[in-house]
Amino acid sequence: MNSIDTPIDHRIDKGRARRNFEQAAERYDDVAVLQREVADRLLERLDYVRLEPERVLDLGAGTGYAVDALHRRYRKARIIALDFAHGMLLQARRRGRWLRRPLCVCADAESLPLADGAVDLIVSNATFQWCNDLDRTFAECLRILRPGGLLMFSTFGPDTLKELRQAWARVDGASHVSPFLDMHDVGDALVRARFADPVMDTERMTLTYPAVRELMQDLKILGAGNATADRPRGLTGRARLAALDAAYEMHRSDGRLPASYEVVYGHAWVPEQKPAEGGIAVPVSAIGRRYREPSPADRAVETGG
């Protein structure tokens, strides 16, 4: 079976994405309305899961919104917050109570610096769309989960920001919106990674704006601006912005412009007998009680313009 590897011209420039999220960290929570709603709905799904984890990984933790809920749900568990943006973790480390702060690790979801079987549960909200190699990412999740462990996540499907994508397509042929994988492709990647009993579903959400520039401003504050490797370089001129405004107007309804999101939810279990994987890993006990500064290796990302 073929793996999912994003075409080179649409790959995420990890360096650019990380810089975007570093800059967004302080204001992210001001506009992350949809991201919080999706996180709440994702965490509600744990109500139907019989699991008492000792260690929980919030993968792609961002500012740590899910950390408090995970602490409340699993009072005896150690919560680990992992994100590739150092600035986001500076916000996440403030979550929880004084003696119950999350352990914070700065690393990429595609290469997790945790030992085999280190955690019992991985919760990941709106993160996997920033991964270029989903097969590798899921293989890493399988590796660090113990047998019988659970991966539960949300990400975004191809209809996300479809209006913005269509409007830009009328302006030029360049890449302006990040790519998103179909739900079925994500489920197939879980199977290839040898997860058991994968379950996938989607739902549609819509935000509305008075003008397209307000949508683009929100995306910038979120750190979710265009980070594709083949994105246009340089500033967008007034003429192209005016053309974008005009192209987006075809979507106006009841005086507002919609921004669609296709939210993909998934969960899958680790088989009780899973294949052994090689590689270098760090045991959770080596992380330390609280936050550790990222090493140069942690900070290493793909280079981009």
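Which residue forms a salt bridge with Glu249? Select Glu249 and Arg252 together: these two form a salt bridge, with their closest N and O atoms 2.7 Å apart, where the term stands for a side-chain nitrogen of Lys or Arg within 4 Å of a carboxyl oxygen of Asp or Glu. Colour the pair by accessibility, and Glu249 comes out as partly exposed at 37% relative accessibility, while Arg252 is likewise partly exposed at 30%; buried here means under 20% relative accessible area, exposed means over 50%, and partly exposed lies in between, with a 1.4 Å probe and protein chains only.

Before moving on, keep in mind that this is a predicted model, in which local features need pLDDT of at least 70 and side-chain atom pairs count only at pLDDT 80 or more, whereas totals for chains, interfaces and linings use all residues. Residues are numbered from 1 along each chain as its sequence is written, and side-chain values use heavy atoms, with hydrogens and water left out.

Now go to Glu203 and Arg41, whose salt bridge has its closest N and O atoms 2.9 Å apart. This pair links distant parts of the chain, since Glu203 belongs to strand β6 (residues 196–209) and Arg41 to helix α3 (residues 33–44), 162 residues apart; helices (H or I, at least four residues) and strands (E, at least two) are DSSP runs, numbered from the N terminus. Glu203 is partly exposed at 23% relative accessibility, and Arg41 is partly exposed at 31%.

From there, select Asp245 and Arg213, a salt bridge in which the closest N and O atoms are 3.1 Å apart. Here too distant parts of the chain are linked, with Asp245 in helix α10 (residues 238–248) and Arg213 in helix α9 (residues 212–222), 32 residues apart. Asp245 is partly exposed at 24% relative accessibility, and Arg213 is partly exposed at 44%.

The last stop is Asp58, in strand β1 (residues 55–59). Asp58 is buried yet has no salt bridge, and the nearest side chain of opposite charge, Arg95, is 8.2 Å away; for charge, Lys and Arg count as positive and Asp and Glu as negative, while His and the chain ends are not counted. Which residues is Asp58 in contact with, leaving aside its neighbours within four places in sequence? Show Ala66, Val67, Leu70, Ile80, Ala81, Leu82 and Val123 around Asp58, contact being defined as heavy atoms within 4.5 Å.
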